[in-house]
Amino acid sequence: MPAAILLSLGCVAALLLCRATAVGLWLTDDSILYVIGAEGLATGRGFTRISGGGEIKPITGFPLGYSAVLALAGLLSLDFDEAARVMNILLFGGTVLLSGYLVYKETGSALWAGLASILLLSARLMYFIYGWLMAEALFVLLFLLSLLALQRYLATQHTRWLLMAASIAGINALVRYAALAFIPALGMGILLGALPDWKKGVRQSLTFVVVASLPFAMMALANHLFAGTAVNRTSLLGDVEFRIIIRYIERLFAQLMPIQILQDLRLRYKIAILFSLLGLAPAVQAWQALRPRMAPAEQRGESHGRSALPLVIA
């Protein structure tokens, strides 16, 4: 029954996005670069662009994953724009289905699973995200797939699921550089999920992080050798002015703590509260794992497997 409900909701989501993008996907400058990269891959020119002077230059500011998927459409003589639209429609349906399934596996409730899927397909922001010719649609689905594989690993402790989760997370880093942030986050979830056996957790976590980092490391090395830059990005802060960082912290605090009396606190207290909130989920996870063993080992293993995913998502 849950499978039929979630499949139906996934189909509804796909149909709704199909209707919303009837005239095609929205385009940005980034969209054009993705298509140019796909054309280069499909024609054997590589992940490159042609400059205004007619020179062929490698594209390093964007990872090649999304363009590589679009290039498959070019090999089949399909229009890139229409292929991207069809792909986004399928990805949206898959995202709604998979999100509900993950909730079902965590809660065992068809009601909560269905509610999660309904919230996604009814969210206006989702149609904004999936209505663009951008890499976000593929990025989100791959992240959910990595969570699903990690969930299976935590439940079964089979190494193949750990390697699958790491491989999917690594491929996702080739779709969007932002996926790199999830690699240490998922690794931390694996480590805390293995407590109190921290030695095993360290081995599992390091295995995941190393395997997941390999695809990006190989791409960055190739970019550096052929283009002289790994990702063509500035440092973490780059040229961002300090006042902009302060403004971002103030806005983030106002959204997370919408209480007027707290808005008058000094900046250092706001930063301390934000860091406390960020550390709350790992602290709760560690406390749960280190409690006295009051249940059989099988039940404790299930609890570890079920509790790590909310930590990772947080």
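Reader: How many salt bridges does the structure hold?

Author: The structure, which is a predicted model, holds 2 salt bridges. A salt bridge here is a side-chain nitrogen of Lys or Arg within 4 Å of a carboxyl oxygen of Asp or Glu. Residues are numbered from 1 along each chain as its sequence is written. In this predicted model, local features need pLDDT of at least 70, side-chain atom pairs count only at pLDDT 80 or more, totals for chains, interfaces and linings use all residues, and side-chain values use heavy atoms, with hydrogens and water left out.

Reader: Which residue forms a salt bridge with Arg 176?

Author: The partner of Arg 176 is Glu 136, with 3.3 Å between the closest N and O atoms. This pair links distant parts of the chain, 40 residues apart: Arg 176 is in the loop between α8 and α9, and Glu 136 is in helix α7. Helices are DSSP runs of H or I with at least four residues, and strands are runs of E with at least two, numbered from the N terminus.

Reader: Changing topic, what does helix α1 reach from its first C-alpha to its last?

Author: Helix α1 (residues 2-20) has 19 residues and reaches 27 Å, close to the 27 Å expected at 1.5 Å a residue. The expected span is 1.5 Å times one less than the number of residues.

Reader: Which residues of α1 are buried?

Author: The buried residues of α1 are Leu 6, Leu 9, Gly 10, Ala 13, Ala 14 and Leu 17. Seen down the axis of α1, these buried residues fall within an arc of 140°, so they line one face of the helix. The arc is that of the directions from the helix axis to the C-beta atoms. On the face turned away from the buried side, α1 carries the exposed residues Leu 15 and Arg 19.

Reader: What do the buried residues of α1 pack against?

Author: They pack against α4 (80-107), α5 (110-121) and α6 (124-130).

Reader: How about α8, which residues are buried there?

Author: In α8, the buried residues are Leu 162, Ala 165, Ala 166, Ile 168, Ala 169, Gly 170 and Asn 172. They pack against α7 (136-156), α9 (182-193) and α10 (198-227).

Reader: What is Met 219 in contact with?

Author: Leaving aside neighbours within four places in sequence, Met 219 is in contact with Pro 63, Leu 64, Leu 174 and Tyr 177. Contact means heavy atoms within 4.5 Å. Met 219 has its place in helix α10 and is buried, with a relative accessible area of 9%. The C-alpha atoms of Met 219 and Leu 64 are separated by 8.8 Å, although the two residues are 155 residues apart along the chain.

Reader: Last topic: where is Trp 26?

Author: Trp 26 is in the loop between α1 and α2 (29-43). Trp 26 is partly exposed, with a relative accessible area of 43%.

Terms used:
Buried < 20%, exposed > 50% of the residue type's maximum accessible area, 1.4 Å probe, protein only.
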